[in-house]
There are 2 protein chains.
Amino acid sequence: MEERTPRRPRIADVAREAGVSKTAVSFAFNSPDRLAPETASRIREVADSLGYRPHPVARMLSQRQTHTIGVLTPQALSVIFSNPFFGAFSEGVALAAEQEGYALHFISPLHGSLSRAMDHATVDGVVVVGLSAGHPEVEQIRAAGVPLVMVDSSALPDQPGVVIDDEGGARAAAEHLVSLGHRDILIIGVEPPAPALELDPEGVMGRRLRGYQTGLAAKGIKLDPSSVVVEPASIEGGLVALHRAWGSGLRPTGVLVMSDAMAIGVLRAARELGLRVPEDVSVVGYDDIDVSQHVNPPLTTVHQPIRRKGESAVRLLLSVVQRRDHDPQQLRLETRLIVRASTGPAPRRRQEVDRVRG
Amino acid sequence: MEERTPRRPRIADVAREAGVSKTAVSFAFNSPDRLAPETASRIREVADSLGYRPHPVARMLSQRQTHTIGVLTPQALSVIFSNPFFGAFSEGVALAAEQEGYALHFISPLHGSLSRAMDHATVDGVVVVGLSAGHPEVEQIRAAGVPLVMVDSSALPDQPGVVIDDEGGARAAAEHLVSLGHRDILIIGVEPPAPALELDPEGVMGRRLRGYQTGLAAKGIKLDPSSVVVEPASIEGGLVALHRAWGSGLRPTGVLVMSDAMAIGVLRAARELGLRVPEDVSVVGYDDIDVSQHVNPPLTTVHQPIRRKGESAVRLLLSVVQRRDHDPQQLRLETRLIVRASTGPAPRRRQEVDRVRG
DNA sequence: CCGGTTTGCTAAACCGGTTTTGTAAACCGG
DNA sequence: CCGGTTTACAAAACCGGTTTAGCAAACCGG
């Protein structure tokens with residue numbers, strides 16, 4: 001005997017079965033104190049026996065809240081998840097969200113359009129990561145009245161946000177290389193999601209680039225535009241980047257990489273090119289992801305508190321979502337250079353050239 | 001002049017402003033061909049000028065679909081995201097989801113309860129990862145009529161699912177160590193999410209354990225229960241695991257680790273203990289995450305197609321969500337041992353001892 | 001024992017859309 | 001020019017809950 005299309009029980013079913021009104025059933029679940037204790041428990045029993053669960057979407061609609069926060073990125077999730085940085089960031093986001101009982105919804109371009117994705121997203125607020133402040137999508141979100149906090153964006157002062165000292169960290173990295181005697185520097189950056197997009201000077205990568213330049217300029221090193229290459233922020237991207245630079249004739253002794261994931265790829269590319277790290281070439285990463293200290297050689301990099309960044313962003317967001325509305329708050333976290341084993345004194349130039357020739 | 005509480009425009013506002021019915025507005029967005037072209041475009045113009053966007057939750061409610069798929073895990077997201085394995089898996093999930101225009105919602109225990117989290121989740125279907133088939137939560141989902149596909153679970157044959165050959169991979173790993181002369185083996189497993197839970201013999205870790213045991217038993221090696229230790233699936237967990245084992249007097253020459261993240265921690269612990277890898281101790285991981293080939297030394301491990309697993313799971317799920325309903329399909333993906341540099345011949349002394357014994 | 005408050009529940013409105021059903025007007029073949 | 005079909009839109013029902021307004025009975029102080 002088959003059950004006949006076992007439709008999901010609705011609140012009306014429970015009400016009928018228990019001989020009460022829909023209101024009473026709703027009360028039984030949401031504010032039992034407004035019902036006589038016996039009534040409440042009887043309703044719950046009936047509900048249980050019917051296998052009734054309030055329909056989450058209906059609940060969202062009438063309550064006007066979803067208990068969900070969104071993480072919005074301009075890049076496809078399938079690419080951004082390949083960077084352990086994002087995993088760690090999500091870890092922080094998830095930690096704070098879970099503590100407050102919020103679920104997590106990831107929002108990435110839908111059929112190429114971020115707005116469309118945003119239009120379909122059912123969230124009480126969003127953490128925006130990797131998008132600069134002026135972005136139209138960001139305006140759209142604000143216009144829709146959805147609270148947001150910007151991460152890694154030199155946000156307008158009227159929006160809450162959390163940033164790190166990208167420029168300072170980058171400068172420290174550059175100075176470190178310079179002080180080791182490096183003069184031929186290659187910079188590897190992260191490719192912006194939309195190919196047409198220029199490297200946004202106000203974005204993370206723009207700020208890091210400025211930091212590098214400042215650090216180098218202090219010792220009188222000027223940067224040729226050709227010695228800045230960009231690729232996607234992944235191990236693979238880093239691998240490709242160094243190979244490309246090398247292929248186009250560049251022979252740096254020091255490489256500043258804007259992402260640890262890429263730096264790991266650079267380490268590998270170096271090995272494939274027959275270069276020893278750090279004897280022949282030094283590499284400095286950025287982010288200090290978990291594995292950076294475990295790669296070969298352990299990576300010198302700029303540390304940033306990734307998890308804390310995610311956590312703080314969510315706390316900030318929830319403080320405005322829940323109308324605990326302090327004025328828009330800006331949080332700034334620090335970076336610091338961590339010297340491990342992927343950097344060393346610059347090789348004497350002659351030596352390097354000879355070895356590669358031979 | 002302040003705008004007066006700029007309420008979000010509703011469909012009724014657009015209808016009034018354009019002098020048409022709600023129906024017409026809805027048609028203008030969803031089936032413009034049912035309207036005269038001029039009418040449709042006029043409505044859209046009005047809608048634009050008002051900044052109208054269909055309310056996603058309302059739309060979900062009446063359409064009875066959310067265009068969202070859930071990823072359900074019994075562990076807190078804040079812990080599971082720390083394992084690069086999950087990042088890669090999510091990458092695959094996201095890839096397939098994005099292609100089909102589905103958003104991603106992560107479901108993890110809400111205030112300790114998975115059911116509660118599931119009750120609040122607004123998804124068209126879920127990918128269940130790391131939960132075995134018999135689990136009550138899984139039954140609850142099925143009862144609620146939500147399509148699901150189980151990943152890494154020896155599912156009942158009436159549920160779609162994707163699994164890998166955990167046992168075969170594990171056996172290969174064990175045989176590899178044995179063939180190198182190792183006789184004193186330590187096994188490091190992943191701690192189940194609920195502390196009370198026993199190591200589920202039907203779960204991933206149970207299957208891998210069986211594989212290890214089979215591989216060892218073939219060469220007459222019996223496993224003492226004390227040489228199986230479990231910790232959380234993270235770098236930190238692996239680190240702790242080896243230290244604990246060592247502290248309790250175990251002196252293995254070969255370590256079989258059920259997760260690469262943990263294996264990386266083991267490599268570090270070995271270094272801290274003054275052990276050289278692979279000269280003093282050999283380590284075999286499991287999963288073959290991206291960084292495994294970049295750590296020091298490059299990790300010998302059991303490869304599984306992580307991304308493809310996520311991707312396949314979503315495709316399977318969507319095929320039932322969209323009523324393209326083939327009968328519940330089971331997908332089985334292969335594993336293979338990848339020998340890198342973290343394994344080598346068992347150290348001489350022990351080998352000799354064993355030879356004499358044998 | 002009377003007027004006011006509290007208790008316990010219901011009826012109706014509402015959240016913001018989509019979908020079904022209905023209906024005038026236009027079209028159309030014979 | 002008449003009956004039947006399309007076309008183009010509107011009215012109403014519906015999705016499945018919550019929330020507001022309201023009402024009868026019980027309680028309660030004076």
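At what angle do helix H2 (residues 22–30) of chain A and helix H3 (residues 37–50) of chain A pack? These legends begin with that pair. Everything shown comes from a predicted model, in which local features need pLDDT of at least 70, side-chain atom pairs count only at pLDDT 80 or more, and totals for chains, interfaces and linings use all residues. Residues are numbered from 1 along each chain as its sequence is written, chains are lettered from A and ligands numbered from 1 in the order in which they are written, and side-chain values use heavy atoms, with hydrogens and water left out.

**View 1. Two helices of chain A packed together.** Two packed helices are described by the angle between their axes and the distance between the axes. For H2(A) and H3(A), the angle is about 95 degrees and the axes are 9 Å apart. H2(A) is therefore roughly perpendicular to H3(A) (the word covers angles of 65 to 115 degrees). Axes here are lines fitted to C-alpha atoms, for helices over the stretch in contact, and angles run from 0 to 180 degrees between N-to-C directions. Helices are DSSP runs (H or I, at least four residues), numbered from the N terminus. Look for A:Ala24, A:Val25, A:Ala28 and A:Phe29 on H2(A), which meet A:Ala40, A:Ile43, A:Arg44 and A:Ala47 on H3(A); contact means heavy atoms within 4.5 Å. Seven of these residues are nonpolar, none is polar and one is charged.

**View 2. Chains A and B around their axis.** A rotation of 180 degrees, with 0.1 Å of shift along its axis, superposes chain A on chain B with an RMSD of 0.1 Å. This is the relation of a two-fold axis. The superposition is by least squares on the C-alpha atoms of residues with pLDDT of at least 70 in both copies. In chain A, the C-alpha of A:Val295 is nearest the axis, at 2.0 Å.

**View 3. The protein beside DNA strand D.** Around DNA strand D there are 28 residues, and A:Ile11, A:Ser26, B:Ser21, B:Thr23 and B:Thr39 come nearest; a residue is near the strand if one of its heavy atoms lies within 4 Å of it. A polar backbone atom of A:Ile11 is 2.6 Å from a phosphate oxygen of DNA strand D. The side chain of A:Lys22 has an N or O atom 3.1 Å from a base oxygen of DNA strand D. For the side chain of A:Tyr52, an N or O atom is 2.8 Å from a sugar or linking oxygen of DNA strand D. H4(A) gives the most to this surface, with five residues.

Methods
Angles under 35 degrees count as roughly parallel, over 145 as roughly antiparallel, 65 to 115 as roughly perpendicular and the rest as oblique. Ala, Val, Leu, Ile, Met, Phe, Trp, Tyr, Cys and Pro count as nonpolar, Asp, Glu, Lys and Arg as charged, and the others, Gly among them, as polar. A polar contact is a pair of N or O atoms within 3.5 Å; within protein, one must be able to donate a hydrogen and the other to accept it, and residues adjacent in sequence count only if both atoms are side-chain atoms.
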